[in-house]
Amino acid sequence: MPSRSSKDILSFTEDLLIRVYEKLGSESDRKSWRCVCREFLRVDSLTRNHLRVLRVEFLQSLPGKYPRLQSLDLSVCPCIDDGTFSLLLNRHGSGSESGSLSWFSWARGLKRLTLSRAAGLGFMGLEALVHACPALESVDVSYCCGFGDREAAALSNAARLRVLKMDKCLNVSDVGLAKIVVRCGKLERLSLKWCMEISDLGVDLLCKKCLDLKFLDISYLKVTNESLRTIATLQKLEVLAMVGCPLVDDVGLQFLENGCPLLQGIDVSRCECVSSSGLISVIKGHGSLRELNASYSLSELCTTFLHCIKDLKHLEMIRIDGSRIAEPSFSVISNYCKSLVEIGLCKCVGVTNMGILQLTTGCVNLRVLNLSCCGSITDAAISAIAESCRNLVCLKLESCNMITEKSLYQLGSFCSVLEEIDLTDCCGVNDKGLEYLSRCSGLQYLKLGICTNVSDKGLFSIGSNCPKIHELDLYRCSGIGDEGLGAVSMGCKNLKKLNLSYCNEITDRGMEYISCLEELSDLEMRGLEKVTGTGLAAIAAGCKRLADLDLKHCVKVNDSGFWALACYSKNLRQINLSYCAISDMALCLVMGNLTRLQDAKLVHLSNVSVDGFELALRACSFRIKKVKLFAPLRFLLSSEILENLHARGCKIRWD
């Protein structure tokens, strides 16, 4: 019999229930809400405006249940094709007229659509989709290996398009881009990263037709300075990303000096022909610049460049990773860039304690600081950071081997809002240091890879005091055992990503502890020689959200574990089974049952025959996107299966 309190809640009006629902912050809370009763489920259906479909078999029934849907994410359904959308969009033709209108309303209001990695989607499906969704404003077709000029032409019918992401659409050329920019003149954000067939010609037409562009990413394109000449004419451009453009040099950057008057951010990282001279031109013409990324482009910070930085009073982010920086440079940045909230100094030569002390004296608002591989800094530098930058959120200290527990004491004492810290390969970090660090109760990301002086005692401190941990990296932490995992599983219920690779003391008991982590989606457990099929079965049964699993060199896991994986881990998208003792039958079961699997590494499976590989690949051929196989199999597998995989857009890597 329902309690009085439950009756009172159910007597709320629909408007009040919707207001309560909107107060729920996390997806897990909303999932719990939907499971309470039918009325709560109905409120969820009426209110939800974003839907991420996890399995393609649910696609036919889900969208029509949400009449206010504005955003649809199909990025984890790689096997969708034209036929899938034909069935989806034609469903409104069946049933009663009122039911038809209700079903089709979801498409009419759709504004954002994510189709990344949809290898089978062609121009016919896109045409139908664009026609059915007249309100589309944002589309993501990144990594769609079948997306070419014909598909671009179909997408160009979305006249209201403002945001388009086409990263690594390798078959799109200037012709396809021309179709889009001519018909979608309202574009404000466009990403063309890794679209290798696009040249200066396409960029030129883009800049002439899409005058409202605010964000443009041309990273890794083989464009020349001529593209920057035309980009400079964009009067509304605010952010330009051109990472790894090998044919662009300082002459191209000089075109920007008198162009793009609203430019606030530029990324020229890994541009091998760019020097401080070109960046000086950009800085001179844009005193309001807020973000500057020149990582691995500048060999050193010259005096002229530093003099120009003085004029950037509003600079909030600068990354100069890989540069040589003299000690006086820190004083200049500290005195004139007081608005800085992020600075990247990874692998910079010349970073010293004194330099960091000078930097933090003026840049007290720093929230993100990357000092990875700056091996000269000691506890003195970290002490200066902690005492001056009390709002620090992210600190990266990978391979800073002179850091000890004293640094973590200072961070725990002064940086109460710290959320992320990378201590990978910091051999001075120990259990006492983690005890101090655990005072940062809001910690969400903690990397302790190769910290060999950390044991279960240190993990107990983290598990007891840091309940918000989302990501924990314990790679090669040889002192970690089952009890430490028990503490983490009890205290860190929000853990989503965990790396236990080569923590050789972990056994099945540790896996049973981990199985309590219902939010876990990414687990690396390479080389856990004491874990058997029993441990893997516990993980499969308990961690239902697991999407990425690395079992490489887990030599004692037998078929019982893999059978459990095939039965329970329906959300797996990536798996590494290399060097595992899996049999023909178990491999076929895993590859056939895991309907969301996109990427599989199957190298050196000594117990699997050629016929076993054949059957396993056939079982997943219609949905797998990447597979890594032992090189000799290239000559043993049938040409039919290899051609079939290739035809469906699967990339085979031979090891």
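Predicted model: local features only at pLDDT ≥ 70, side-chain atom pairs only at ≥ 80, totals over all residues.
Trainee: Which residues does isoleucine 231 touch, not counting residues up to four places away in sequence?

Mentor: For isoleucine 231 they are Val203, Cys207, Leu216, Ile218, Leu237, Leu240, Leu256 and Cys260. Isoleucine 231 also belongs to the largest nonpolar core, which has 200 residues; Met166, Ile231 and Phe562 are the members that touch the most others. Another core, of 6 residues, lies apart from that one and includes Leu17, Ile18, Trp33 and Val43.

Trainee: Is isoleucine 382 buried or exposed, and what is it in contact with?

Mentor: Isoleucine 382, found in helix α17, counts as buried because its relative accessibility is 0%, and the cut-off for buried is under 20%. Beyond its neighbours within four places in sequence, isoleucine 382 is in contact with Ile377, Leu397, Ile403, Ser407 and Leu411. Ser407 and Leu411 are among the buried residues of α18. Separation in sequence and in space should be read side by side: isoleucine 382 and leucine 443 are 61 residues apart in sequence and 17 Å apart in space, C-alpha to C-alpha.

Trainee: Where is threonine 424 placed, and is it buried or exposed?

Mentor: A loop residue must be judged by its own accessibility. Threonine 424 is in the loop between β15 and α19, and it counts as buried because its relative accessibility is 13%. Neighbours within four places aside, the contacts of threonine 424 are Leu397, Glu398, Ser399, Lys447 and Gly449.

Trainee: What is the phi of arginine 476, and what is that of histidine 604?

Mentor: One reads the backbone angle together with the residue type. Arginine 476 has a positive phi of about 55° although it is not a glycine. Its place is the loop between β17 (471-473) and α21 (482-491), and at 38% relative accessibility arginine 476 counts as partly exposed. Histidine 604, likewise not a glycine, has a positive phi of about 55°. Histidine 604 lies in the loop between β22 (599-602) and α26 (610-620) and is partly exposed, with a relative accessible area of 29%.

Terms used
Residues numbered from 1 in each chain as written. Heavy atoms only, no water. Core = buried A, V, L, I, M, F, W, Y, C linked by side-chain atoms within 4.5 Å. Buried < 20%, exposed > 50% of the residue type's maximum accessible area, 1.4 Å probe, protein only. Contact = heavy atoms within 4.5 Å. Helix = DSSP H or I, 4+ residues; strand = E, 2+ residues; numbered from the N terminus.
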